[in-house]
Amino acid sequence: MTESDRLGTASGGAGTRSRGGRPRASSRRTLEDAASELFLEQGYARTTIDQIAQRAGVGRNTFFNYFAAKSDLLWLDADETISALPEILGAAPHDLAPSSALEHVIVALAARHPHRAVPIALSQREPMATHEEFLAAGLARFLLVARELADFLRRRVVDDVDANSVRAAANAAAAAAATGAGAWALAGVERGDLTVAVAAAVAPVCRGFAPVLDRPGR
């Protein structure tokens with residue numbers, strides 16, 4: 001759902017919703033819409049899974065068919081993009097140096113993300129009072145991406161490259177990508193291209209690690 005769609009839902013959805021909630025429709029987006037409304041109305045902490053399910057017109061068990069926890073609703077758009085990372089890693093050109101390959105896959109991942117899809121963990125963080133949950137759930141996603149990048153790099157570098165250097169490069173590149181994506185998301189409706197923002201943040205980091213990662217084999 002786009003940011004403009006989300007704001008429209010929050011401001012006008014109550015007028016069209018029946019007293020018992022929406023017609024029964026079990027989908028990830030329906031649950032996200034319901035959660036967005038409730039988070040804006042009463043805050044994240046005061047909203048329960050039962051309330052979200054009722055507002056969406058589904059049962060509690062249906063909620064858990066789509067989400068493991070309430071916090072997953074904050075990251076729906078980001079999670080869909082992150083799930084494409086293994087495919088992008090597998091398709092990375094084999095003739096790229098490790099540092100260039102790292103930069104390539106992160107930029108390709110950003111390019112996969114829909115232009116106007118801003119996770120509500122970022123776009124509505126203040127009105128929904130999700131700061132603490134944002135930090136906790138965001139860290140888990142950061143660590144997941146960093147671990148996959150480190151595994152990818154380990155397969156690309158020569159054997160005598162220190163494992164700690166590989167992890168440091170992956171962590172730094174993931175942090176740079178998160179910084180670029182966060183700045184893009186918080187720029188509001190006039191934001192530019194996510195791919196450009198992420199590429200600008202990641203490029204100096206990857207190139208800085210090039211002397212270590214791109215060391216030729218003996």
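This is a predicted model: local features need pLDDT of at least 70, side-chain atom pairs count only at pLDDT 80 or more; totals for chains, interfaces and linings use all residues.
View 1. Ala150 is 15 residues from Ser165 in sequence, and the two lie 9.6 Å apart in space, C-alpha to C-alpha.

**View 2. The protein chain as a whole, with 12 helices and zero strands.** Read along the sequence, the protein chain follows the pattern α-α-α-α-α-α-α-α-α-α-α-α. The protein chain has 218 residues, of which 45% count as buried. Among its contacts between residues at least 6 apart in sequence, 73% join residues at least 24 apart.

**View 3. The packing of helix α10 against helix α11.** The axes of α10 and α11 come within 8 Å and cross at roughly 150 degrees, which makes α10 roughly antiparallel to α11. The crossing of these two helices is right-handed. From α10 the contact draws on Ala172, Ala173, Ala176, Ala177, Gly180, Ala181 and Trp184, while α11 supplies Leu194, Ala197, Val198, Ala201, Val202, Val205 and Cys206. Divided by class, the residues of this contact are 13 nonpolar, one polar and no charged.

**View 4. The packing of helix α7 against helix α11.** Helix α7 (residues 98-112) packs with helix α11 (residues 194-208) at an angle of about 165 degrees, and their axes are 9 Å apart; α7 is therefore roughly antiparallel to α11. Here too a handedness can be assigned, and the crossing of α7 and α11 is right-handed. On the α7 side, Ser99, Leu102, Glu103, Ile106, Val107, Ala110 and Ala111 take part, and they meet Leu194, Thr195, Val198, Ala199, Val202, Ala203, Cys206 and Arg207 in α11. By class, this contact has 11 nonpolar, two polar and two charged residues.

**View 5. The largest nonpolar core, with 35 residues.** The members that touch the most other members of this core are Leu102, Val105, Ile106, Leu149, Leu153, Val198 and Val202. Two or more residues each come from α6 (85-90), α7, α9 (131-156), α10 (163-186) and α11, and α10 gives the most, with nine residues. Around Leu153, with neighbours within four places in sequence left aside, the residues in contact are Pro98, Leu102, Val166, Ala169, Ala170 and Leu213. Apart from this core lies another, of 22 residues, among them Phe39, Phe63, Leu73 and Ala78.

**View 6. The crossing of helix α2 and helix α3.** The axes of α2 (residues 28-42) and α3 (residues 49-56) come within 8 Å and cross at roughly 120 degrees, so the two helices are oblique to each other. Their crossing is right-handed. The contact is built from Thr30, Leu31, Ala34, Ala35, Glu37, Leu38, Phe39, Glu41 and Gln42 of α2, together with Gln51, Ile52, Ala53, Arg55 and Ala56 of α3. By class, eight nonpolar, three polar and three charged residues make up the contact of α2 with α3.

Conventions. Residues are numbered from 1 along each chain as its sequence is written. Side-chain values use heavy atoms; hydrogens and water are left out. Axes are lines fitted to C-alpha atoms, for helices over the stretch in contact, and angles run from 0 to 180 degrees between N-to-C directions. Helices (H or I, at least four residues) and strands (E, at least two) are DSSP runs, numbered from the N terminus. Angles under 35 degrees count as roughly parallel, over 145 as roughly antiparallel, 65 to 115 as roughly perpendicular and the rest as oblique. A crossing is left-handed if the near helix is turned anticlockwise from the far one by less than a right angle, and right-handed if clockwise. Contact means heavy atoms within 4.5 Å. Ala, Val, Leu, Ile, Met, Phe, Trp, Tyr, Cys and Pro count as nonpolar, Asp, Glu, Lys and Arg as charged, and the others, Gly among them, as polar. A nonpolar core is a set of buried Ala, Val, Leu, Ile, Met, Phe, Trp, Tyr and Cys residues joined through side-chain atoms within 4.5 Å. Buried means under 20% relative accessible area, exposed over 50%, partly exposed in between (1.4 Å probe, protein chains only).
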